[in-house]
Amino acid sequence: MNITLKLYAALGDFLPPEAHENTIDVDVPDGATIGEVLTGHQVPLESCHLILINGHYHHRDSAASTQLSSGDTLAVWPPIAGG
Amino acid sequence: MSWTRKILRVNLTEGTCKDEPLNMEWADKYLGQRGLATKYLVEEIDPKCDPLGPDNKIIYATGPLTGTTASTGGRYSVVTKGALTGAIACSNSGGFFGAEMKFAGYDMIIVEGVSKKPVYLTMIDGNCELHDASDLWGKSVWEVDPAIKAKHQDPMMRVAAIGISGEQGVLYACVVNDLHRAAGRSGVGAVMGSKNLKAIGIRGTGGVNVDDPKKFMAVTAEKKAILAENAVTGQALPAYGTQVLMNVINESGALPTRNFRDVQFEGAHAISAEAMAEPSGIDGKPNLLTNAACFGCTIGCGRISKINEEHYTVANKPEYWHASGGLEYEAAWALGAATGVSDMDALTYANFICNEQGIDPISFGATVGAAMELYEDGVITSKDTGGLEMKFGSPEALTTAVELTGKAEGFGKELGMGSARLTAKYGKPELSMTVKGQEFPAYDPRGVQGMGLTYATSNRGACHLRSYTVASEIMGIPEKTDPHVTEGKAGLVKAFQDATGAVDSSGLCVFTTFAWTLDDFAPQIDAACEGNWTTDKLAEVGERIWNMERQFNLSAGFTAADDNLPQRLLKDAAKTGPAEGLTSGLDKMLPEYYEIRGWTKEGVPTNETVSRLAL
């Protein structure tokens, strides 16, 4: 299945060169979890603080058990803040 | 100690500068900066006075830790009755001006009356004087700052000034210090201009005495280590600044776009922190040159940027080719998403002009967004705008509008009224995205429910910095809450409001709260200041300040009806993103908030609350 992966701030370094605007469409096995997609891109899970699927928050501890669906957008940030 | 125990009172009508002792009884109850200056203001002015009239006063106030070695100890606040809102105004700024005031031997400056002619004030250690500013009137902040340093032959002076906008009564004019740090909100610069006070230049060579130096050094070092080791304050903010939020808030479906018509902006990435660091498509150089820190700050969230020299805004203006204060998140949102403009260089240019002429980029950008909606709906035409095509997404409209507003010329005069007055003039007040006359910042209350209550109840008009529940609702600091629900938000907002009231009165920066709690502030204040400063006492001080500000607003004529949001946010659901279908649930949160606050159903602090807080 195809999903959209977005890695921001320092995590952007883990995106392949063909990524555009911190975004890349990737093929992943059906039922792939958040953790499988991130580790597949060598993203250290401990660096992932804010994980959104289609804008909805998912705690890092659920990464191994939360399955993605075709067409999902997975967006991830390290610890960040602003104001 | 830590307070200098000295105030400068400047009477512009009489042309006098006099020292006064600081009221230490009040310092013990209101700490400093925001709280203490507000106490002086509410004691000294009629809440119903005209903000731009002679009876209003304007106070520049440091906190006890301003000018010390505590991290971020460079803050000061400008407190007055707001020109934009008619409510209590307290605008907080960093840079180096606040610390210099302490080095000159003063906790605060109270300015009253009106000068017959333009003047500026100098404070050189204990020597304070007013000077003729006729030759500085009509000049920008960027001209006045070096001019005052040259006149006094001291490049180490720190200057806070207004631009042309403040002179001309742009209602969201700022006080800008150190060229690009600003007491930005509520029109404090317009109040300064109404008094014919162009600038304040300070040079201090003294130090700041703390109560227990050994203990203070130990505890501030310990707290600096916490900031350094925290991933947000030690890494993310210095590397990406507040601008890292652009993509976060857009993905979260809470990025107000085109005057809050939409909650996601297709151009968000182009104006984000990530884009600032990428090579430009024009000359291959990034917009961001480096980060920067204010006095004593060990975080360094500031952005220093440069506009592409070939960009249309500056191609023939080499005076704008230098590096200067770059886009922070709020400015990038207001100048960008709120107007639909995604041209990074155009936004940076507009931001430079906001600094140069001293206008609040949040209220300016949001007002441009409202004007664009008026224009696209056919309510105003190019006849009204002096030929300016105010179309959403037009960088030319944005950059021309900022030039006009900065000098209060042409259609810029109307934009300078703010969106509430502008939309009311054209019969469409519902298009103003404001509370108490002040424009919203960069979080849509439909996607971050706590921010709806934050805006509605903010004493200085819509503001994110009075209770930044985004930290909890989006980023999980100190713990994650669901941004789409209203349950629990009344208590969350109150807790943030009270804690922020104390932080804003300390002389330190609110951004430390991404790593610190009041438990970290208390021992630093306690080591620096006489008295027994505990976490509980700070929370009580914060609550007391909030209620004092509320009482001022009630006396000024505000009521519970002003704790409201525009109908767009209450009736029109978010169209896209994770908050699709949601409106703000303010009606569910507000009654609980009043109850938790100890206020009546009419939003008035009960006698019991007033007594408990010793107001």
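**A strand and its neighbours**

Tutor: Strand β7 (residues 119–124) of chain B has 5 of its 6 residues buried, so the rest of the structure largely encloses it. Buried means under 20% relative accessible area with a 1.4 Å probe, protein chains only; strands are DSSP runs of E, at least two residues, numbered from the N terminus. This is a predicted model, in which local features need pLDDT of at least 70, side-chain atom pairs count only at pLDDT 80 or more, and totals for chains, interfaces and linings use all residues. Residues are numbered from 1 along each chain as its sequence is written, chains are lettered from A and ligands numbered from 1 in the order in which they are written, and side-chain values use heavy atoms, without hydrogens and water.

Student: Which strands does β7(B) pair with?

Tutor: Two strands pair if DSSP finds at least two bridges between them. β7(B) runs parallel to strand β12 (residues 197–203) of chain B, with 6 bridges; there B:Met123 has B:Ile202 as its bridge partner. β7(B) runs antiparallel to strand β8 (residues 127–132) of chain B, also with 6 bridges, and B:Thr122 is partnered by B:Glu129.

Student: What salt bridge does B:Glu251 form?

Tutor: A salt bridge is a side-chain nitrogen of Lys or Arg within 4 Å of a carboxyl oxygen of Asp or Glu. B:Glu251 forms one with A:Lys6, where the closest N and O atoms are 2.5 Å apart. The count between chain A and chain B is 1.

Definitions and conventions
Buried < 20%, exposed > 50% of the residue type's maximum accessible area, 1.4 Å probe, protein only. Helix = DSSP H or I, 4+ residues; strand = E, 2+ residues; numbered from the N terminus.
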